[in-house]
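Take a look at the sequence and the fold, then work through the points below.

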Amino acid sequence: MTTRRTRPAPRPPEGTPPRAELARQARHVLADAVRIARWAAVEGGAGKTPRTGPDAVPPQERAAAALDLTPGQVRAGWDRARLAGLVELHGDTARPGWRLHAWDRDDSAVLRGWVALFDAWSLVHPAPEGVAPSAVAEVVEALPQVLSLLQLSQGPVPVPALLDLLGQRVEELRGERCEVPAPEQAPEAPEAPAEAGTTGLPALLDWALEGLAAVGALTLDSGADERHATLTPLGNWAVWVKLEQICVAAQSPAGNIEQSAGDMLRGCARLTPGPARDEYRAWLAARTLSSAVAELLAVARGEDALLRGLAFEALRVVGAPAEAEVRATVAEPSLRPYALLWLAEYEGADPDDAQEVLTREEATWLWVDTAAAVADHGESALLVRHLDSAVQGTVPALLDEIRAVGHPRTVQVLVALAAAHPDPALAKAVRRAAFQVHTGGA
């Protein structure tokens with residue numbers, strides 16, 4: 001039996017505007033991105049390869065003329081639209097993302113889109129040229145401390161104070177990684193890496209603050225003697241959201257966060273959907289999304305069908321950041337039905353209707369895979385009830401199509417079903433089908 005460590009979630013900062021007002025501000029930040037995404041949806045131009053021929057006009061110039069923007073504004077807006085999930089790229093074609101459809105009516109979709117942009121600030125504003133990638137990565141990793149100070153201050157903070165904090169945090173991160181010089185180095189050598197990193201910090205801090213200002217998370221102003229940074233209401237709220245995610249992670253059953261994806265999913269197998277989703281959120285909050293998605297998909301590629309299904313349930317909690325990786329798995333036969341259903345729901349289909357995106361063969365493959373999960377982890381009565389979910393409607397038709405679909409667990413599923421079914425005649429037919437698949441007979 002596990003015990004849940006309860007830690008109260010942080011309260012929104014005092015003076016945080018109502019959610020509707022935050023959404024209004026987020027819509028303002030992304031206004032150009034929305035206009036460009038809607039233009040691309042209608043014209044099909046901003047997301048396609050430029051057309052060729054004597055009368056062709058490059059997409060950026062066409063969009064700029066239509067929307068009264070400069071080509072540079074179009075490029076910036078298009079990048080923001082992609083990062084915020086307003087558009088999806090499929091080859092050379094752009095399609096409206098689900099957030100674009102919900103933009104005018106769903107404040108939650110708007111705020112999630114803005115948070116996705118906030119998380120991607122380092123992509124919106126490229127790092128200075130000539131700076132080592134490792135130095136950039138250190139600053140990105142240390143920046144949450146800077147944001148926390150800005151939130152606690154509840155007002156303007158001098159940039160030099162932020163630089164001091166950033167330098168301290170970078171040194172702590174280096175110490176945690178045990179970055180020490182090799183013994184054979186000369187005595188003066190240890191100072192070189194730290195000095196090189198320190199001299200680059202002012203420029204990197206400027207880059208980070210400008211990047212956060214570009215996505216609407218803070219403002220920069222110049223006083224008489226020095227510059228100051230101040231979180232906007234959106235930035236203040238975003239930092240609180242991140243703190244809340246940390247608290248959610250802390251409330252996971254003991255030890256679950258530290259587990260691998262496979263062990264975490266096994267621990268969730270007996271939970272009802274609501275508590276399971278809480279566990280997925282806690283596990284995800286303790287990791288970078290890219291590594292978490294990769295780990296979940298690695299589990300889905302394994303032999304355990306139950307974990308395959310649960311991995312895609314966890315990916316539903318991830319949402320938009322997993323879209324590209326899930327879409328890439330459509331080409332993998334064992335993951336294709338799960339990926340197609342995930343994408344259908346992601347694009348707005350009702351879960352009850354999502355099955356319609358599967359071919360009959362794909363639906364049959366998924367039925368066998370789900371039956372394998374039930375046979376391995378469920379009860380015999382549940383396996384018998386699983387017959388009712390088959391698209392074929394009759395057991396003989398199901399058996400014919402199961403034999404043709406080529407699932408690697410077909411024989412084991414049929415044997416388990418024959419052993420569990422109370423109807424002797426039907427059980428005999430299922431055993432015969434299992435024997436035929438095993439021997440390769442018709």
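Of the contacts in the protein chain with a separation of 6 or more, 65% join residues 24 or more positions apart, where contact means heavy atoms within 4.5 Å. This is a predicted model, with local features needing pLDDT of at least 70 and side-chain atom pairs counted only at pLDDT 80 or more, while totals for chains, interfaces and linings use all residues. Residues are numbered from 1 along each chain as its sequence is written, and side-chain values use heavy atoms, leaving out hydrogens and water.

**Overall make-up**
- The protein chain has 22 helices and five strands; these are DSSP runs numbered from the N terminus, helices being H or I with at least four residues and strands E with at least two.
- Of the 442 residues in the protein chain, 42% are buried (under 20% relative accessible area, with exposed over 50% and partly exposed in between, using a 1.4 Å probe and protein chains only).

**Strands**
- Strand S5 (residues 227-231) is mostly covered, with four of its five residues buried.
- Strand S4 (residues 218-222) pairs with S5 in the antiparallel sense over five bridges; to count as a pair, two strands need at least two DSSP bridges between them.
- Within that pairing, leucine 218 has leucine 231 in S5 as its bridge partner.
- S5 also pairs with strand S3 (residues 157-158), again in the antiparallel sense, over two bridges, and valine 157 stands opposite alanine 229 there.

**Helix H9**
- Buried residues of H9 include Val159, Leu162, Leu165, Leu166 and Arg169.

**Helix packing**
- Two packed helices are described by the angle between their axes and the distance between the axes.
- Helix H17 (residues 336-346) packs on helix H18 (residues 360-377) at about 110°, with the axes 9 Å apart; axes are lines fitted to C-alpha atoms over the stretch in contact, and angles run from 0 to 180 degrees between N-to-C directions.
- H17 is therefore roughly perpendicular to H18, a label for angles of 65 to 115 degrees.
- Arg336, Pro337, Tyr338, Leu340 and Leu341 of H17 meet Glu362, Trp365, Leu366, Asp369 and Thr370 of H18.
- Helix H12 (residues 261-268) and helix H15 (residues 305-318) have axes that come within 10 Å and cross at roughly 95°, so these two are also roughly perpendicular to each other.

Note on methods
Angles under 35 degrees count as roughly parallel, over 145 as roughly antiparallel, 65 to 115 as roughly perpendicular and the rest as oblique.
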